[in-house]
Amino acid sequence: MTALVSINGHAIPDPSVYNATTATVVDSGRNAEGRMIGAVVRDSMAKIECTWKYLPAGKWAEILRLFNISLGGSFINPVTFYNQDTAGWETREMYVSDKTAGMYYRNPETGEIRGFTQCRLALVEV
């Protein structure tokens with residue numbers, strides 16, 4: 001089975017929530033009559049947001065590491081994902097924007113963090 005999202009050839013766990021956005025970039029302004037004037041600069045630009053209800057700390061770090069240059073990752077990666085526009089799998093160059101997660105549990109005796117809840121990242125096409 002094909003992973004819903006793969007980053008640089010690494011299949012990541014299927015997210016609990018997968019949101020897709022297709023953007024059209026427009027260079028526009030308003031004329032003296034207040035009407036929009038402009039031109040499409042680029043269409044069908046993809047953004048995907050993945051949210052996991054829970055991920056073990058190591059798995060979340062493994063995903064984030066793919067975009068961390070100092071840990072061997074890359075700022076921009078080839079991302080294979082299910083494209084809502086074509087109803088098929090595509091690979092596009094993307095970067096990660098905000099990454100958020102809430103700590104699930106910290107062992108009071110060892111300080112070990114076991115996992116995170118509501119792990120979320122957004123991947124944006126370059």
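Six salt bridges are counted in this structure, where a salt bridge is a side-chain nitrogen of Lys or Arg within 4 Å of a carboxyl oxygen of Asp or Glu. The model is a predicted one, in which local features need pLDDT of at least 70 and side-chain atom pairs count only at pLDDT 80 or more, while totals for chains, interfaces and linings use all residues. Residues are numbered from 1 along each chain as its sequence is written, and side-chain values use heavy atoms, with hydrogens and water left out.

Within it, Glu 125 meets Arg 42 at 2.9 Å, N to O. Glu 125 belongs to strand β7 (residues 113–125) and Arg 42 to strand β4 (residues 36–56), so this pair ties together parts that are 83 residues apart in sequence. Strands (E, at least two residues) and helices (H or I, at least four) are DSSP runs, numbered from the N terminus.

Glu 125 also forms a salt bridge with Arg 92, the closest N and O atoms being 2.8 Å apart. Here strand β7 is joined to strand β6 (residues 88–106), so the pair ties together parts that are 33 residues apart in sequence. Arg 92 in turn meets Glu 90 in a salt bridge of 2.9 Å, N to O.

How covered are these side chains? Buried means under 20% relative accessible area, exposed over 50%, and partly exposed in between (1.4 Å probe, protein chains only). Glu 125 counts as buried at 11% relative accessibility, and Arg 92 is buried at 15%. Arg 42, with 30%, is partly exposed.

Turning to aromatic rings, the structure holds four aromatic pairs; rings of Phe, Tyr and Trp (its six-membered ring) pair if their centres lie within 6.5 Å, and planes under 30 degrees apart count as stacked, over 60 as edge-to-face and the rest as tilted. One of these pairs, Phe 75 with Tyr 95, is stacked, at 5.5 Å centre to centre and 20° between the planes. The two residues are 20 apart and link distant parts of the chain, with Phe 75 in the loop between α1 and β5 and Tyr 95 in strand β6. Phe 75 is partly exposed at 45% relative accessibility, and Tyr 95 is partly exposed at 26%.

The loop between α1 (57–65) and β5 (76–83) also holds Ile 69, which counts as exposed at 60% relative accessibility.
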